[in-house]
Amino acid sequence: MNDFLCPACKKHLRVGDNIIFKVKNSKKNSALLLLSPQIGNYTSHKHPTFEIQNGESLEFYCPLCSASLISDIHKNLAHVLLLDEKGESHNVYFSQVVGEHSTFETDGESVHIEGEDAGRYTYFKIGDKFRKYF
Ligand SMILES: [Zn+2]
């Protein structure tokens, strides 16, 4: 199974079958949001009192160091590190927009694209933005 790390503090965000994030909605309310560690699986869990709407842009934060996870390639994409079973690091970018399915995973050489909405972001430049972290 892959591990997921915060790019700022390098601590583990994955616990069991969830990646744990702190998110803020457009009303600036914060909550915990759990996402699947399987790339391309867009199942999420949150407390029912935390209201989010389709198309709403959330802000993702590391629950440990509170760093913003917004990527430097697009304001709609959050960025985390993936550590695979061989200990190799990959960059993972995923949409912060509720209901939008787009994920990009790269080891610095090739880019793996997942999700039916990924085409919205293919205009961004793939190249030296994808750097190695380890
Ligand atoms: Zn962190």
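Contact here means heavy atoms within 4.5 Å. The model is predicted: local features need pLDDT of at least 70, side-chain atom pairs count only at pLDDT 80 or more, and totals for chains, interfaces and linings use all residues. Residues are numbered from 1 along each chain as its sequence is written, and side-chain values use heavy atoms, with hydrogens and water left out.

Leucine 34 sits in strand E4 (residues 30-35). Strands (E, at least two residues) are DSSP runs, numbered from the N terminus. Beyond its neighbours within four places in sequence, leucine 34 is in contact with Asn18, Ile19, Ile20, Thr43, Ser44 and His45. Leucine 34 has a relative accessible area of 23%, so it is partly exposed. Buried means under 20% relative accessible area, exposed over 50%, and partly exposed in between (1.4 Å probe, protein chains only).

The zinc ion is coordinated by the SG atoms of Cys6, Cys9, Cys62 and Cys65, at 2.3 Å. Donors are N, O and S atoms within 2.8 Å of the metal (3.2 Å for Na, K and Ca). The arrangement is tetrahedral because the 4 donor atoms subtend angles of 102 to 113°; for four donors, this term requires all angles to lie between 85 and 135 degrees. Along the chain the donors follow the spacing C-x2-C-x52-C-x2-C. Cysteine 6 lies in the loop between strand E1 (3-5) and strand E2 (14-15), and cysteine 62 in the loop between strand E6 (59-61) and strand E7 (77-83), so the pair ties together parts 56 residues apart in sequence. Cysteine 6 and cysteine 62 are both buried.

Lysine 10, in the loop between E1 and E2, has a phi near 60°. Lysine 10 is partly exposed, at 33% relative accessibility. Serine 66, in the loop between E6 and E7, has a phi of about 65°. Its relative accessible area is 41%, which also counts as partly exposed.

A nonpolar core is a set of buried Ala, Val, Leu, Ile, Met, Phe, Trp, Tyr and Cys residues joined through side-chain atoms within 4.5 Å. The largest has 20 residues, of which Leu13, Phe21, Phe60, Leu69, Val80 and Phe94 touch the most other members. Strand E3 (18-24), E4, E7 and strand E8 (89-95) each supply at least two residues of this core. A separate core of 7 residues includes Tyr93, Val97, Phe104 and Tyr121.

Methods:
Four donors count as tetrahedral if all angles lie between 85 and 135 degrees; four count as square planar and six as octahedral if opposite donors are over 155 degrees apart and all others between 65 and 115; anything else is irregular. Helices (H or I, at least four residues) and strands (E, at least two) are DSSP runs, numbered from the N terminus.
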